[in-house]
Amino acid sequence: MRITRFSDIGLRVLIYLAGADKHRALVTAAEISRQFDIPLNHMVKVVGQLARCGWIQALRGRNGGLLLLADPTTLRLGSVLRQLEGDAELVDCEAQQCQLSKHCFLRGALATGLRAFYDAMDQYVLADVSGGVVGEQIIVMHRKFLEPLAHGDFVVK
């Protein structure tokens, strides 16, 4: 099993927002995009979905940015992945004309495995994966991103 790039980016955004030093400046989608080398158009789509889920707020304007609304100590990773991945089964048995489908147990076994994956992810909250060394690294990344801006330099990629 592999999570989609969309979910991967969504988790990175949430982790980055949970770890960033909020007292310096708001984090922007462009900043996270640059930090993880993710195309900005993909980032904007993910940020929009995270905002629709109510986990973040996107503030527009010159001083705008992203705010984490969810409590990192209660936001379960399984819940995030369920929302971002959707309810799709691992294999779409209905789309195939499989002669085994009438007596096949694979579909049920895969569904059980998928539930086990989400249950395991529910054992972790956002704070578990955004604190400690990861959180310290994000603060360093955020400060380094802001340094050229504080000196009036433009960041060009």
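Among contacts in the protein between residues at least 6 apart in sequence, 73% join residues at least 24 apart, where contact means heavy atoms within 4.5 Å. This is a predicted model, in which local features need pLDDT of at least 70 and side-chain atom pairs count only at pLDDT 80 or more, while totals for chains, interfaces and linings use all residues. Residues are numbered from 1 along each chain as its sequence is written, and side-chain values use heavy atoms, with hydrogens and water left out.

**Overall build**

- The protein has 7 helices and 2 strands; helices (H or I, at least four residues) and strands (E, at least two) are DSSP runs, numbered from the N terminus.
- The C-alpha trace spans about 70 × 30 × 25 Å along its principal axes.

**Surface and charge**

- Of the 157 residues, 31% count as buried; buried means under 20% relative accessible area, exposed over 50%, and partly exposed in between (1.4 Å probe, protein chains only).
- The protein exposes about 10,200 Å², and carbon and sulfur atoms supply 55% of that area; accessible areas come from the Shrake-Rupley method with a 1.4 Å probe, and for residues only the protein chains shown count as cover.
- There are 18 positive and 16 negative charges, and their mean positions are 4 Å apart.
- For this count, Lys and Arg are positive and Asp and Glu negative, with His and the chain ends not counted; the place of a charge is NZ of Lys, CZ of Arg, CG of Asp or CD of Glu.

**Aromatic pairs**

- The structure holds 2 aromatic pairs; rings of Phe, Tyr and Trp (its six-membered ring) pair if their centres lie within 6.5 Å, and planes under 30 degrees apart count as stacked, over 60 as edge-to-face and the rest as tilted.
- Y16 and F36 form an edge-to-face pair, because their ring centres are 5.9 Å apart and their planes stand at 80 degrees.
- This pair links distant parts of the chain, with Y16 in helix α1 and F36 in the loop between α2 and α3, 20 residues apart.
- Y16 is buried at 0% relative accessibility, while F36 is partly exposed at 25%.
- The rings of F117 and Y118 have centres 5.5 Å apart and planes at 55 degrees, so that pair is tilted.
- F117 counts as partly exposed at 24% relative accessibility, and Y118 counts as buried at 8%.

**Residues to look up**

- D122 sits in the loop between α5 (106–121) and α6 (126–130), and this residue is buried, with a relative accessible area of 17%.
- Leaving aside neighbours within four places in sequence, D122 is in contact with R76, G78, S79 and R82.
- D37 lies in the loop between α2 (29–35) and α3 (40–52) and is exposed at 55% relative accessibility.
- Most residues other than glycine have a negative phi. D37 has a positive phi, near 55 degrees, and is not a glycine.
- R2 belongs to the segment before α1 (5–19) and counts as exposed at 76% relative accessibility.
- R2 and C53 are 51 residues apart in sequence and 22 Å apart in space, C-alpha to C-alpha.
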